[in-house]
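Let's walk through this model together, starting with the overall fold and then moving in on a few helices and residues. Keep the 3D view open as you read.

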Amino acid sequence: MRDGSEMEYVDYVTARIPALRRLAYLLAGDEHRADDLVQQTITTLYVKWRRAQAADHLDAYVRTMLVRTYVDERRLAWARVRLFRETPEPPPFEDAGVEERQIVRAALSRVPRRQQAVLVLRFYYDLSVDEVAGMLGCSSGTVKSQTSRGLATLRRLLGEREFATLSALN
């Protein structure tokens, strides 16, 4: 990479890190995993910087890279490696006063990864079915079915009453 191109990469990544980290956190539900996803994405972006610069919408291109990294990481052998049987220090759980987003986050983490990605992109990022299909490299019908299945799973996990309350907020 030439100096000018490298500076453009550094400037772009520096400006976009917060947005990429937010998306990664929404997908992974863990700060450390989010940081890993962002690191993998910007490393890949560095290698493909020339091609990425030619994209019509660079931000969408990079978001797509991050989402695909997230969805595909379960296929990699290292993703199955666990250092501990259980998390050394589980996050504290309080029955009273738990905010709705924590409850939704916990339920969302139990939804299959591809459905989780579809739900985050559709409802948090407010992307259209076609935009999500393009990001995930699948058909619009697949996005619709993944959305339906993901919402059904969330309904089951949250219970109908909690889901109705959350739906009313949107």
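Predicted model: local features only at pLDDT ≥ 70, side-chain atom pairs only at ≥ 80, totals over all residues.

Residues are numbered from 1 along each chain as its sequence is written, and side-chain values use heavy atoms, with hydrogens and water left out.

Let's begin with the overall picture. The protein has 9 helices and 0 strands; here helices (H or I, at least four residues) and strands (E, at least two) are DSSP runs, numbered from the N terminus. Read from the N terminus on, the elements are α-α-α-α-α-α-α-α-α. Of the 170 residues in the protein, 34% are buried, where buried means under 20% relative accessible area, exposed over 50%, and partly exposed in between (1.4 Å probe, protein chains only). The accessible surface comes to about 11200 Å², and 52% of that belongs to carbon and sulfur atoms; the areas come from the Shrake-Rupley method with a 1.4 Å probe, and for residues only the protein chains shown count as cover. Contacts, meaning heavy atoms within 4.5 Å, also say something about the fold. Among those between residues at least 6 apart in sequence, 66% join residues at least 24 apart.

Now turn to helix H7 (residues 129–136) and its partner H8 (residues 140–158). Two packed helices are described by the angle between their axes and the distance between the axes. For H7 and H8, the axes come within 8 Å and cross at roughly 100°. The axes are lines fitted to C-alpha atoms, for helices over the stretch in contact, and angles run from 0 to 180 degrees between N-to-C directions. H7 and H8 are therefore roughly perpendicular to each other, given that angles of 65 to 115 degrees count as roughly perpendicular, under 35 as roughly parallel, over 145 as roughly antiparallel and the rest as oblique. On the H7 side, the contact is made by Val129, Asp130, Val132 and Ala133, and on the H8 side by Ser140, Val143 and Lys144. These residues divide into 4 nonpolar, 1 polar and 2 charged. In this scheme Ala, Val, Leu, Ile, Met, Phe, Trp, Tyr, Cys and Pro count as nonpolar, Asp, Glu, Lys and Arg as charged, and the others, Gly among them, as polar.

Which residues of H7 are buried? They are Val129, Val132, Ala133, Met135 and Leu136. Seen down the axis of H7, these buried residues fall within an arc of 160°, so they line one face of the helix; the arc is that of the directions from the helix axis to the C-beta atoms. Their cover includes helix H4 (58–72), helix H6 (113–124) and H8.

Aspartate 126 lies in the loop between H6 and H7, and it has a positive phi of about 55° although it is not a glycine. At 65% relative accessibility, aspartate 126 counts as exposed. After H7 comes glycine 137, whose phi is also positive, near 70°.

Helix H5 (residues 100–108) can be viewed in a similar way. Its Arg105, Ala107 and Leu108 are buried. They cover an arc of only 165° around the axis, which puts them on the same side of H5.

Next, pick out valine 71 in helix H4. At 10% relative accessibility, valine 71 counts as buried. Not counting residues up to four places away in sequence, valine 71 touches Arg113, Arg114, Ala117 and Leu136.

Finally, visit helix H2 (residues 31–47), where you will find glutamine 40 and valine 38. Valine 38 counts as buried at 6% relative accessibility, whereas glutamine 40, at 27%, counts as partly exposed. Leaving aside neighbours within four places in sequence, valine 38 is in contact with Ile17, Leu20, Arg21, Ala24 and Leu66. Glutamine 40 and leucine 66 are 26 residues apart in sequence and 8.1 Å apart in space, C-alpha to C-alpha.
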